[in-house]
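Open the model in your viewer and follow the stops below in order. Each stop says what to select and then what is there.

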Amino acid sequence: MSTYRDFANRGSSRATVLRTVGTRERRSHLTAPRVPTVGIDIGGTKVMAGVVDADGVILEKVRTETPDKSKSPKVVEDTICELVLDLSDRHDVHAVGIGAAGWVDAHRSKVLFAPHLAWRNEPLRDALSARLAVPVLVDNDANTAAWAEWRFGAGRGEDHLVMITLGTGIGGAILEDGQVKRGKYGVAGEFGHMQVVPGGHRCPCGNRGCWEQYSSGNALVREARELAAADSPVAHGLIERVGGNIPEITGPLITELAREGDAMCVELLQDIGQWLGVGIANLAAALDPSCFVIGGGVSAADDLLIGPARDAFRRHLTGRGYRPEARIAKAQLGPEAGMVGAADLARLVARRFRRANRRRVERHERYERYAQAIRSSSTSRTAQEPPS
């Protein structure tokens, strides 16, 4: 008697080949199921979750502080699960995408290292998918933000895009032909740690002169506080605004004063922008993209920052005057970019999950047909046998 496997495969010579999600991104976003998915953006201070539709529209968003109990993996996972389950009460969720502030391996299953969380080689994807019973995708938050800007924001229509995220430090991501370039080990895009000043400011990474020590939120605040601490005459407006309490000087406050016309704050943002332009010129020499998208909290300064960056980019671009210049644009999706991109990337694994479920159902139906045929055959033989 033939086995069930013989019965199930009879008449079929076609094999199904499952390829990784990463190699199919270029086409997959066009054919992925138009189902709602959840995107999660995890940082050192907050966890933001949202249900996002296939057009990048946020249907609902919730946010909580990153748990402070040593920020252990279990505690953070509990917080993520609570947010997803809360959203699942009101929405039909088909997959979950995680944008993590850290290094994620090339298979997008483990967080190799997160500077603000206790994640060291943490198998986050498997841990969460086991608890949530839906497919989970994990990626670096800069990658997910870049994907969102390419799909729905400032990078739409670009074939070669580089995103720079200016926050506490500098992050980044590379997209070519609609595919995120993660590198061999998954940690490409750490632009902030290119060394631009030999022997310069010490960076938390251990090196000196990293780019993010000259063009980031930390660099902006450090320079302002140093001037205020020295009681510089040019810093009196800033000192008065914080009542002499120098630790209260923040990036958003500097931007606010610059918009009001404070000369020192304008100059500080120009300095940060010029260093930004130098770094972008170096990236253009290496990667030759058609567009740079500038995101992150510091980009809220708009042309106070991006104007000087464009000027410095043109001055430092190799072969200037004899080559096309990449477009430099401010990101459009704001702080939700990482969440939206994570949700949209999760839609790719949602399709694979739905296909796997469909195959499982089809196998079950074939088995039921096979079992019914066996039962019918057995009944027929019994009816034909003469009584003893």
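What percentage of the 388 residues in the chain is buried? Buried residues account for 48% of the 388, where buried means under 20% relative accessible area, exposed over 50%, and partly exposed in between (1.4 Å probe, protein chains only).

Before going on, note that this is a predicted model, in which local features need pLDDT of at least 70, side-chain atom pairs count only at pLDDT 80 or more, and totals for chains, interfaces and linings use all residues. Residues are numbered from 1 along each chain as its sequence is written, and side-chain values use heavy atoms, with hydrogens and water left out.

**Whole chain.** Show the chain as a cartoon. The secondary structure comes to 11 helices and 13 strands; helices (H or I, at least four residues) and strands (E, at least two) are DSSP runs, numbered from the N terminus. Of the contacts (heavy atoms within 4.5 Å) between residues at least 6 apart in sequence, 65% join residues at least 24 apart. Now switch to a surface. The accessible surface is about 19,400 Å², and carbon and sulfur atoms hold 50% of that; the areas come from the Shrake-Rupley method with a 1.4 Å probe.

**Helices α3 and α4.** Select residues 73-88 for α3 and 124-132 for α4. Their axes come within 11 Å and cross at roughly 45°; axes are lines fitted to C-alpha atoms, for helices over the stretch in contact, with angles from 0 to 180 degrees between N-to-C directions. The two helices are therefore oblique to each other (under 35 degrees is roughly parallel, over 145 roughly antiparallel, 65 to 115 roughly perpendicular, and the rest oblique). Show side chains next: on α3, Lys-74, Glu-77, Asp-78, Ile-80, Cys-81, Val-84 and Leu-85 meet Leu-124, Ala-127, Leu-128, Arg-131 and Leu-132 on α4. By class, this contact has eight nonpolar, no polar and four charged residues.

**Thr-144.** Move to helix α5, residues 141-152, and select Thr-144 within the helix. Thr-144 is buried, with a relative accessible area of 0%. Leaving aside neighbours within four places in sequence, the contacts of Thr-144 include Ile-98, Asp-139, Ala-337 and Leu-345.

**Ala-173.** Finish on strand β10, residues 170-176, where Ala-173 is found. Ala-173 is buried too, at a relative accessible area of 1%. Which residues does Ala-173 touch, not counting those up to four places away in sequence? Among them are Ala-142, Asn-143, Ala-146, Met-163 and Phe-191. To end, draw a distance between C-alpha atoms: Ala-173 and Ala-146, 27 residues apart along the chain, are separated by 6.2 Å.

Technical notes: Ala, Val, Leu, Ile, Met, Phe, Trp, Tyr, Cys and Pro count as nonpolar, Asp, Glu, Lys and Arg as charged, and the others, Gly among them, as polar.
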